[in-house]
Amino acid sequence: MNWAQLYDWHSDVDRVPELLSRVEREVDGEAWAELGRRLILEGDLVSPAGIAALPRLVRLATGCTEARLLAGEIMERAAGHHGVDDVLAAGVDAIAEFGVLLDRHLESRPTDYVVTLRALLAVREQYHWANVLGDFTDDFYDLSCPHCATRVTIAIGDYGRYSAIRDWNQGDVDRRDLRPAPRDKLSGIGRWMHETASRDGQVVLAEGISHLFGNAECPRCASVFTIADEYGAANCPVLR
């Protein structure tokens, strides 16, 4: 890897390879913390050095939680404007290997299940869902009705699963129950997400996904639309 033009968020080109060598030799909490600061910018950006670091992080990820988590964070931001698409493309084999590792970790039913699933979604280039998927305990999705353009709040959580109009003073009003998609009606990424969660015994997550990829009724005009289609159309990044 030629690091000469692969800047981190401190505008250095030599510090990241040095830190990677340190964590490859031994457990080093300070080095991991510094790597996180140099590779990931708060929000949704990854530095060029972060993309370049992926293959080495993946090699460490089998036996190192820090490497797996950091590689996952980098992947979730890989659709951003880091300026090194060629470096990302060159790491395709490492990314595929990372996907196998993540799926194996999911099957162990870890405490960080949703975090791991989000990383695997990014590996599958489902960057939008990788960045918005929650655990469906307190999840809200705001979108516009495709028929009347009314702003509709979609709630999927412990408090209810409904569409509503959000009022500044009254909260969610005129609630309408969501219509979850039957398992045999799911397709594409929704089907894969549901099947993966079901395989691993993640009942709440699987039910949330069936609602997210199901239908909602607009409280204003009573039209019915598919939640994931409308939300995704308004928010999915345009991949280069």
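Guide: Helix α4 packs against helix α7 (residues 113–123) at an angle of about 50 degrees, and the two axes are 8 Å apart. That angle makes α4 oblique to α7. The crossing of α4 past α7 is left-handed. Keep in mind that this is a predicted model.

Which residues make the contact of α4 with α7? From α4 come Arg-68, Leu-69, Gly-72, Met-75 and Glu-76. From α7 come Val-115, Thr-116, Arg-118, Ala-119, Ala-122 and Val-123. Sorted by class, the residues of this contact are 6 nonpolar, 2 polar and 3 charged.

Now turn to the other partner. Helix α4 covers residues 65–76, and helix α6 covers residues 92–107. Their axes come within 12 Å and cross at roughly 120 degrees. This makes α4 oblique to α6. Here too the handedness can be given: α4 passes α6 in a left-handed crossing. On the α4 side, the contact uses Arg-68, Ala-71, Gly-72 and Met-75. On the α6 side, it uses Ile-95, Phe-98, Leu-101, Leu-102 and His-105. By class, the contact of α4 with α6 has 6 nonpolar residues, 2 polar and 1 charged.

Arg-68 deserves a stop. This residue lies in helix α4. It takes part in the contact with α7, and it takes part in the contact with α6. Is Arg-68 buried or exposed? Its relative accessibility is 8%, so Arg-68 counts as buried. Leave out residues up to four places away in sequence, and Arg-68 touches Ala-61, Phe-98, Leu-101, Leu-102, His-105, Asp-112 and Thr-116.

Next, the aromatic rings. A pair of aromatic rings is described by the distance of the centres and the angle of the planes. The count comes to 4 aromatic pairs. One of them joins Trp-129 and Tyr-231. Their ring centres are 6.3 Å apart and their planes stand at 35 degrees, so this pair is tilted. Trp-129 sits in helix α8 (residues 127–132), and Tyr-231 sits in helix α11 (residues 227–235). The pair therefore ties together parts that are 102 residues apart in sequence. Trp-129 and Tyr-231 are both buried.

Phe-140 and Tyr-159 form an aromatic pair that is stacked. The distance is 5.2 Å centre to centre, with 0 degrees between the planes. Phe-140 belongs to strand β3 (residues 138–144). Tyr-159 belongs to the loop between β4 (151–157) and β5 (160–167). This pair therefore ties together parts that are 19 residues apart in sequence. Phe-140 is partly exposed, at a relative accessible area of 33%. Tyr-159 is partly exposed as well, at 31% relative accessibility.

Ring pairs also build a cluster: Trp-129, Tyr-141, Phe-213 and Tyr-231 are linked in this way.

Stay with strand β5 for a moment. Ala-164 is found there. With a relative accessible area of 0%, Ala-164 is buried. Setting aside neighbours within four places in sequence, Ala-164 is in contact with Arg-151, Val-152, Thr-153, Asp-172, Val-173, Asp-174, Arg-175 and Pro-219. His-211 is 47 residues from Ala-164 along the chain, and their C-alpha atoms are separated by 15 Å.

Asp-174 lies in strand β6 (residues 171–177). At 40% relative accessibility, this residue counts as partly exposed. Glu-125 is not a glycine either, and it has a positive phi of about 65 degrees. Glu-125 lies in the loop between α7 and α8.

Last, the chain as a whole. Its secondary structure comes to 11 helices and 8 strands. Its C-alpha atoms fill a box of roughly 60 × 35 × 30 Å, taken along the principal axes. Of its 240 residues, 51% count as buried. Take the contacts with a separation of 6 or more: residues 24 or more positions apart account for 54% of them.

Conventions
Residues numbered from 1 in each chain as written. Predicted model: local features only at pLDDT ≥ 70, side-chain atom pairs only at ≥ 80, totals over all residues. Heavy atoms only, no water. Axes fitted to C-alpha atoms, helices over the stretch in contact; angles between N-to-C directions. Helix = DSSP H or I, 4+ residues; strand = E, 2+ residues; numbered from the N terminus. Parallel < 35°, antiparallel > 145°, perpendicular 65-115°, else oblique. Left-handed = near helix turned anticlockwise from the far one by under 90°. Contact = heavy atoms within 4.5 Å. Nonpolar A, V, L, I, M, F, W, Y, C, P; charged D, E, K, R; others polar. Phe/Tyr/Trp six-rings, centres within 6.5 Å; stacked < 30°, edge-to-face > 60°. Buried < 20%, exposed > 50% of the residue type's maximum accessible area, 1.4 Å probe, protein only.
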